[in-house]
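Subject: Structure for you to look at

Hello,

Here is the structure I said I would pass on. Please open it before reading further; my notes come after it.

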Amino acid sequence: MVFIYRIREMFEGWFTGLTIAGIMGFFALLAIALAVAVPLVIGIFVWRDAERRGLNRAWALAAALIPNFLGLIAYLLVASQHKPKIHCPGCNTAVESGVNNCPSCGHRFALANCPKCNRAVSPGWKVCPECGQQLSE
Ligand SMILES: [Zn+2]
Ligand SMILES: [Zn+2]
């Protein structure tokens with residue numbers, strides 16, 4: 001009887017150990033999954049945003065790998081200083097949005113100011129809202 005009891009004790013100990021190991025393993029996997037998924041999501045976000053803003057894509061690595069989101073925070077600070085770029089329809093060069101002419105090929109994006117009253121006008125406007133001047137494309 002003592003022998004059987006010992007075996008049972010052994011099995012119970014083994015079983016308990018396995019369960020704890022299982023739980024720990026589960027949380028370890030969860031932690032690893034989070035440790036991989038979070039930087040991955042940040043990296044993809046920064047990669048795309050950096051591309052749009054014409055910034056170095058290495059920021060994606062920095063944002064993903066520097067702990068405590070410090071890389072991401074640093075990137076967001078830098079990104080806020082850089083306007084998103086648009087692609088010139090003439091030559092496909094990335095050009096800072098808000099400019100009127102492509103610096104590469106001279107493609108005209110928009111009229112900057114009304115030729116008559118000098119009010120700032122946006123692309124697509126046919127008439128100056130200030131003075132009624134016809135705006136040519
Ligand atoms: Zn161009
Ligand atoms: Zn005007």
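Overall layout

Please keep in mind that this is a predicted model. The chain has 3 helices and 2 strands, and from the N terminus the order of the elements is α-α-α-β-β. Of its 137 residues, 12% count as buried. Among contacts with a separation of 6 or more, 17% are between residues 24 or more positions apart.

The core

Which residues form the largest nonpolar core? There are 8 of them: Val46, Ala50, Trp59, Ala60, Ala63, Ala64, Leu72 and Tyr75. Helix 1 (2–53), helix 2 (58–65) and helix 3 (70–79) are the elements that each supply two or more of these residues. The largest contribution, 4 residues, comes from helix 2. As general background, nonpolar side chains in soluble globular proteins tend to be buried together.

Leaving out residues up to four places away in sequence, Trp59 touches Val46, Ala50 and Tyr75.

In helix 2, the buried residues are Trp59, Ala60, Ala63 and Ala64. Viewed down the axis of helix 2, these buried residues lie within an arc of 130 degrees, so they line one face of the helix. Ala58 and Leu65 are exposed on the other side of helix 2.

Helix 3 can be described in the same terms. Its buried residues are Gly71, Leu72 and Tyr75. They span an arc of only 95 degrees around the axis, and therefore sit on the same side of helix 3. The face of helix 3 turned away from the buried side carries Leu70, Ile73 and Leu77, which are exposed.

How do the two pack? The axes of helix 2 and helix 3 are 5 Å apart, and the packing angle is about 140 degrees. Angles over 145 degrees would count as roughly antiparallel, so at this angle helix 2 is oblique to helix 3. Helix 2 makes the contact through Trp59, Ala62, Ala63, Ala64 and Leu65, and helix 3 through Gly71, Leu72 and Tyr75. By class, this contact of helix 2 with helix 3 consists of 7 nonpolar residues, 1 polar residue and no charged residues.

The loop between them

Two residues here have backbone angles to check. Most residues other than glycine have a negative phi. Asn68 lies in the loop between helix 2 and helix 3, and its phi is near 60 degrees, a positive value in a residue other than glycine. Phe69 is placed in the loop between helix 2 and helix 3, and the phi of Phe69 is also positive, near 60 degrees. Is each of them buried, partly exposed or exposed? Asn68 is exposed, because 7 other C-beta atoms lie within 10 Å. Phe69 is partly exposed, because its count of other C-beta atoms within 10 Å is 14.

Single residues

Arg53 is in helix 1. Why does Arg53 count as buried? The reason is that 21 other C-beta atoms lie within 10 Å of it, where the cut-off for buried is 20 or more. Not counting residues up to four places away in sequence, Arg53 touches Ala79, His82, Pro84 and Lys85. Arg53 and Ala79 are 26 residues apart along the chain, with 7.3 Å between their C-alpha atoms.

Glu51 is also in helix 1. With 14 other C-beta atoms within 10 Å, Glu51 is partly exposed. From Glu51 to Ala94 the C-alpha separation is 9.6 Å, across 43 residues of sequence.

Glu130 belongs to the segment after strand 2 (94–96). Glu130 is partly exposed, since 13 other C-beta atoms lie within 10 Å. Residues up to four places away in sequence aside, Glu130 touches Cys114, Cys117 and Arg119. The C-alpha atoms of Glu130 and Cys114 are 8.7 Å apart, and the two residues are 16 apart along the chain.

Regards

Key: Residues numbered from 1 in each chain as written. Chains lettered and ligands numbered in written order. Predicted model: local features only at pLDDT ≥ 70, side-chain atom pairs only at ≥ 80, totals over all residues. Core = buried A, V, L, I, M, F, W, Y, C linked by C-beta atoms within 7 Å. Contact = placed C-beta atoms within 7 Å. Arc of directions from axis to C-beta. Axes fitted to C-alpha atoms, helices over the stretch in contact; angles between N-to-C directions. Parallel < 35°, antiparallel > 145°, perpendicular 65-115°, else oblique. Nonpolar A, V, L, I, M, F, W, Y, C, P; charged D, E, K, R; others polar.
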